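User: Could you walk me through how some of the helices pack in this one? I'd like the terms spelled out as we go.

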Amino acid sequence: MDGIAENSAQDAARLLDAQTPGWERGLSALNFELLRKALRRWAGDPDLETFDVCWGRLYGVVGTALYGQLAYVLGNMTSSQVTLEFCRRILAHEPGPSAEEQDGYRRVITAMQTVLRAHNLTAPTQATQQPPPTAPRPAGTARPQRSTGPASPAQPTRPAHPSLPLLRRAVQSLAHGDRTAAADTLRPLLADPDLAGDGIGNAVRLVAAALEPDEPDDEATVRAARELLDRHRLRWPEYSPVGAEPILAAASRTDVKLFADLAAAGERRPAPHSWPDRETLRRLWSRPVRAHVAEALHHASEGYTADALEALDAVTAILDRLRDPYAAPLDDLTDQSEPTAALEEFTTRLRSHLTERLAAEAYARLEKDGETHPWSAESVRLWELIDSPAHSHHLAVAHHARAYELQGTALAGTQSATRARTEWTEALRHWAAVHGDDAYWQELHRRLEAATGTSVPVAVVDEVRGRLPRDLFEPHIALAARMHATDPRHAREHLAFVTSSGFPERDIAAARKALVREAVEAVLAAVQQQEYAAASAGLQPWLRLDPDNPDLLRTTLIVLRHQVETEWFDARRPHQLVPLLTRMQGIEKRLGPEAARQDRELAGELARLAFWRAVELHQRLARASRAEALLLVNQITHLADQAVELDPNLPLVGMYRELETFAPRMHALAARLTAAMWGGDSAVRRYVELAEASEHLEPASMCHLVSALLDLDRPEPADWTRAWWLLMEVREDPSEEAQRCRDEVTRFGRILWSRMAAAGQLLPGPPPPEWLSRPSR
């Protein structure tokens with residue numbers, strides 16, 4: 001019964017009708033909640049062709065209770081949920097003559113009043129009038145007993161089908177186990193012209209074919225199967241009155257294509273209970289296999305080689321479809337003596353023979369007027385039917401020759417120009433297939449040795465193979481470079497031939513690098529002269545041609561980075577950093593996260609970008625609040641670490657030596673800010689340890705660390721001892737930077753000495769005199 005909730009009401013009626021004996025008990029066997037769900041879907045999406053049949057079946061199960069359930073459902077639905085056609089069918093329905101049916105129908109119409117008004121429909125007068133009051137029952141008389149049997153079914157709204165009496169008689173015969181009598185009863189219906197193309201007629205044909213398996217009427221079964229497939233598509237097995245196997249068997253004997261369509265449609269849905277098991281399906285597929293093999297042999301004998309190969313492709317597709325790598329080896333698929341392995345071997349040998357014959361036919365088509373041409377339309381068509389590396393080479397040569405012919409005569413925007421582009425694309429695609437096929441180059445090496453009679457080093461063939469992409473790309477790269485400024489559209493077309501060719505990425509990258517090599521050298525020369533405007537202008541037309549070219553993007557980064565260095569060190573205009581760095585970050589995003597791993601020079605430029613981003617953020621620290629400053633410090637630290645990771649040698653470059661002290665300085669400042677904001681002792685100590693791990697800790701950073709240690713909520717003796725030695729190291733440092741920190745060291749030393757003395761902690765050494773004196777006012 002769960003199918004009622006999952007399917008439409010039509011399916012519910014069919015499922016109810018297919019229940020085991022006892023379903024007619026009605027109310028005691030039906031879950032009304034599921035029925036209401038089905039009725040709700042029925043009202044929203046009715047099947048108009050089976051509406052009356054569905055009503056009759058449901059009424060046969062639940063009786064007059066159907067009216068009450070339908071009234072309940074419709075009363076809780078909006079007008080947008082109930083279709084216009086459903087309303088019309090309900091209004092056209094004629095209830096039975098009984099008072100119960102009349103009253104139930106009135107309740108349905110009453111519940112639909114709002115929906116009917118929304119659809120501009122009017123209920124019939126008799127359906128909205130209340131029945132006349134019945135005379136009161138005389139005192140002392142017994143209440144009449146209500147019948148407990150099923151009520152009379154709803155009256156049909158169209159004449160009964162003339163074949164229904166004979167169908168009932170056949171069903172009765174089957175109920176008594178007399179299949180012969182049932183078959184005799186149905187046989188006259190098969191010749192009834194009124195059943196032609198009729199749904200009932202097709203159902204009769206299917207049942208009759210199932211009753212007479214010794215003399216199956218495959219033609220009638222196939223006609224019925226086509227209607228099932230056309231009407232119900234993937235769900236045809238669920239609507240078959242005889243299950244799936246008899247239909248599949250008839251189609252496999254009569255119409256191979258229909259069989260394949262039926263099997264494919266059935267396999268794309270969860271298998272119904274009537275779907276054949278795997279072994280039965282394999283047996284059924286044997287007939288199409290034999291038919292395709294016979295077809296291939298027939299075409300081969302008639303000289304139609306291409307058609308024969310097409311039939312063999314169908315055999316291979318079936319065998320691949322039935323092969324299960326996790327199952328036992330295939331049984332005798334052909335239903336004869338030869339096992340599947342023998343069938344596959346025979347198919348392979350036949351395909352090899354036909355391929356050689358087709359190749360010979362293709363070569364013959366190259367001859368015209370006593371000359372051998374590099375291509376012909378018929379040769380190309382035949383070679384495309386052959387799956388072989390050698391024939392990929394023939395196709396590459398043919399398309400290449402055709403492309404050169406069209407390129408020489410085509411005018412821009414003409415049909416010939418369009419065909420030329422197609423031929424270039426196909427030529428390079430086939431060349432890429434040849435380049436990537438090891439078997440082709442091994443065979444070429446073998447033939448070279450056979451032709452020369454000597455041993456040929458493998459390196460000779462490898463060199464030709466390695467040079468092939470460069471040789472094929474060279475004319476396209478040259479044309480793209482020549483036309484990049486005067487005819488950018490055609491320049492982009494030739495570059496697209498290269499990038500979409502299917503060759504390995506390393507070869508395509510090398511071609512793109514060769515395309516812009518001279519332009520990049522000219523731009524870098526302009527940068528050395530600090531002619532940044534000319535350098536940027538020189539890059540623009542090339543960037544329009546190949547916007548994502550890594551060499552162009554790296555060169556753009558170099559131009560912008562030199563401008564940043566000039567603004568910072570020479571012009572002293574740090575406010576100009578932001579727009580330049582924004583453009584550099586945009587290029588970084590276009591390059592993607594993997595670019596730096598593949599290009600060391602690019603990694604160096606991205607490292608410099610990270611450094612200058614850190615410098616720009618450092619400029620904001622003076623204007624930031626404590627919370628903002630802590631966030632900036634963490635970002636600066638991350639960027640400094642990223643710069644060193646991308647280019648470990650960058651801190652050795654003169655203007656970038658500051659990277660050595662960037663990270664420890666920021667860690668020390670983060671420790672001081674965290675302590676001042678009560679960020680937790682563990683976080684403060686973690687920053688202190690990170691800062692002290694560096695060998696380049698500056699005096700100002702040491703003061704930051706002392707301040708952080710003095711601000712700990714719960715200091716330990718080791719914390720104050722660490723602060724003592726940091727202060728002493730700064731105090732004894734003779735550098736100018738340490739001298740600028742002298743006052744802060746004295747102030748921190750007085751605080752530290754007083755706390756250690758108050759706590760009774762042993763001093764690491766004698767305190768300096770200035771720590772013991774009072775500060776002057």
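Analyst: A crossing is left-handed if the near helix is turned anticlockwise from the far one by less than a right angle, and right-handed if clockwise. This is a predicted model, in which local features need pLDDT of at least 70 and side-chain atom pairs count only at pLDDT 80 or more, while totals for chains, interfaces and linings use all residues. Residues are numbered from 1 along each chain as its sequence is written, and side-chain values use heavy atoms, with hydrogens and water left out.

User: OK, so which way does α29 cross α31?

Analyst: The crossing of α29 over α31 is left-handed, and the contact (heavy atoms within 4.5 Å) involves, among others, Leu 581 and Met 584 of α29 and Leu 606 and Trp 612 of α31.

User: And what's the angle between α29 and α31?

Analyst: Helix α29 (residues 577–591) packs against α31 at about 140°, with the axes 10 Å apart. The two are therefore oblique to each other (angles under 35 degrees count as roughly parallel, over 145 as roughly antiparallel, 65 to 115 as roughly perpendicular and the rest as oblique).

User: Switching topic, which residues of α32 are buried?

Analyst: Taking buried as under 20% relative accessible area with a 1.4 Å probe and protein chains only, the buried residues of α32 include Leu 632, Ile 636 and Leu 639, and their cover includes α31 (600–619) and α33 (659–676).

User: How many residues of α33 are buried?

Analyst: In α33, 16 of the 18 residues are buried, so this helix is largely enclosed by the rest of the structure. Trp 678, which follows α33, has a positive phi, near 55°.

Methods: Buried < 20%, exposed > 50% of the residue type's maximum accessible area, 1.4 Å probe, protein only. Helix = DSSP H or I, 4+ residues; strand = E, 2+ residues; numbered from the N terminus. Axes fitted to C-alpha atoms, helices over the stretch in contact; angles between N-to-C directions.
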